[in-house]
Amino acid sequence: MKRFFLFAMVCLTAVSALFAEVVEVHNVGELVSAVNKNASAYIQLMNDINISSLTQPIDKTFKGTIDGAGHKITGASALYFGPAKTTTIKNVVFENIHNAGNDQSAIYGAGFSTGSITITGCTFDTCDWDAIQITPIQDSSMIITGNTFKHTNTETSQVRYVHIESGSYIDAT
């Protein structure tokens with residue numbers, strides 16, 4: 001049953017991507033605009049993007065796909081996703097994500113109540129805090145698969161690669 005559910009989620013994500021609006025993103029401004037204005041878009045990175053100019057994380061209830069196509073997101077901030085129906089982040093290289101407060105993850109998903117977050121095919125290299133932090137609640141799902149975690153910059157510290165925190169419900173079966 002679990003394999004069927006996983007297969008169904010992957011198929012639904014693939015079919016959704018075929019019919020979603022594709023938004024090509026070339027820089028940090030376009031990334032922020034795409035996430036804020038196209039809550040269910042298929043966002044395709046066309047270049048490496050440095051997000052150091054952001055004063056706070058990209059923060060949005062987003063229910064689409066961000067496809068990095070192997071491009072890098074680097075800098076001093078994070079992608080923060082609030083309650084969402086379905087969010088997919090794939091094929092992004094997160095590299096040298098640094099933050100002054102040591103309290104931001106490269107990807108942070110909070111309060112997924114009735115939806116899912118899928119993180120697949122990404123590379124996380126030298127993220128000061130957590131590479132991925134997810135705070136699920138009952139009836140949500142997380143799929144974290146096929147990712148690479150490494151720490152090549154020995155001048156910084158890596159706290160955790162994946163941090164799952166829940167105050168209410170986790171079914172690990």
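## A partly exposed tyrosine

Tyr161 has a relative accessibility of 33%, so it counts as partly exposed. Buried means under 20% relative accessible area, exposed over 50%, and partly exposed in between (1.4 Å probe, protein chains only). Tyr161 lies in strand S16. Strands (E, at least two residues) and helices (H or I, at least four) are DSSP runs, numbered from the N terminus.

This is a predicted model: local features need pLDDT of at least 70, side-chain atom pairs count only at pLDDT 80 or more, and totals for chains, interfaces and linings use all residues. Residues are numbered from 1 along each chain as its sequence is written, and side-chain values use heavy atoms, with hydrogens and water left out.

## The nonpolar patch

Tyr161 belongs to a nonpolar surface patch with Met142, Ile144, Val162 and Ile164. Together they have about 350 Å² of accessible area (Shrake-Rupley method, 1.4 Å probe; for residues, only the protein chains shown count as cover). Patch residues have over 30% relative accessible area and no salt bridge, and nonpolar side chains are joined within 5 Å. A salt bridge is a side-chain nitrogen of Lys or Arg within 4 Å of a carboxyl oxygen of Asp or Glu.

Two or more patch residues come from each of strand S14 (141–145) and strand S16 (160–164). S16 gives the largest share, 3 residues.

## The parallel sheet

An open sheet of 5 strands runs in the order S3-S6-S9-S12-S15, with parallel pairing. Two strands pair if DSSP finds at least two bridges between them. Strand S3 (49–50) and strand S15 (148–150) are the edges; each pairs on one side only.

S3 is joined to strand S6 (residues 72–75) by 2 bridges. Here Ile49 stands opposite Ile73 in S6.

## Two asparagines with positive phi

Most residues other than glycine have a negative phi. Asn91 has a positive phi of about 60°. It sits in the loop between strand S8 (86–90) and strand S9 (93–97). Its relative accessible area is 31%, so Asn91 is partly exposed.

Asn96 also has a positive phi, near 55°. This residue is in strand S9. At 25% relative accessibility, Asn96 is partly exposed.

## Helix H2

Helix H2 (residues 28–37) has buried residues Val28, Leu31, Ala34 and Val35. Seen down the axis of H2, its buried residues fall within an arc of 125°, so they line one face of the helix. The arc is that of the directions from the helix axis to the C-beta atoms.

At the start of H2, a side-chain oxygen of Asn27 comes within 3.1 Å of the backbone nitrogen of Gly29.

Terms used:
Polar contact = N/O pair within 3.5 Å; in protein donor to acceptor, adjacent residues only side chain to side chain. Patch = residues over 30% accessible without salt bridge, like charges linked within 9 Å, V, L, I, M, F, W, Y side chains within 5 Å.
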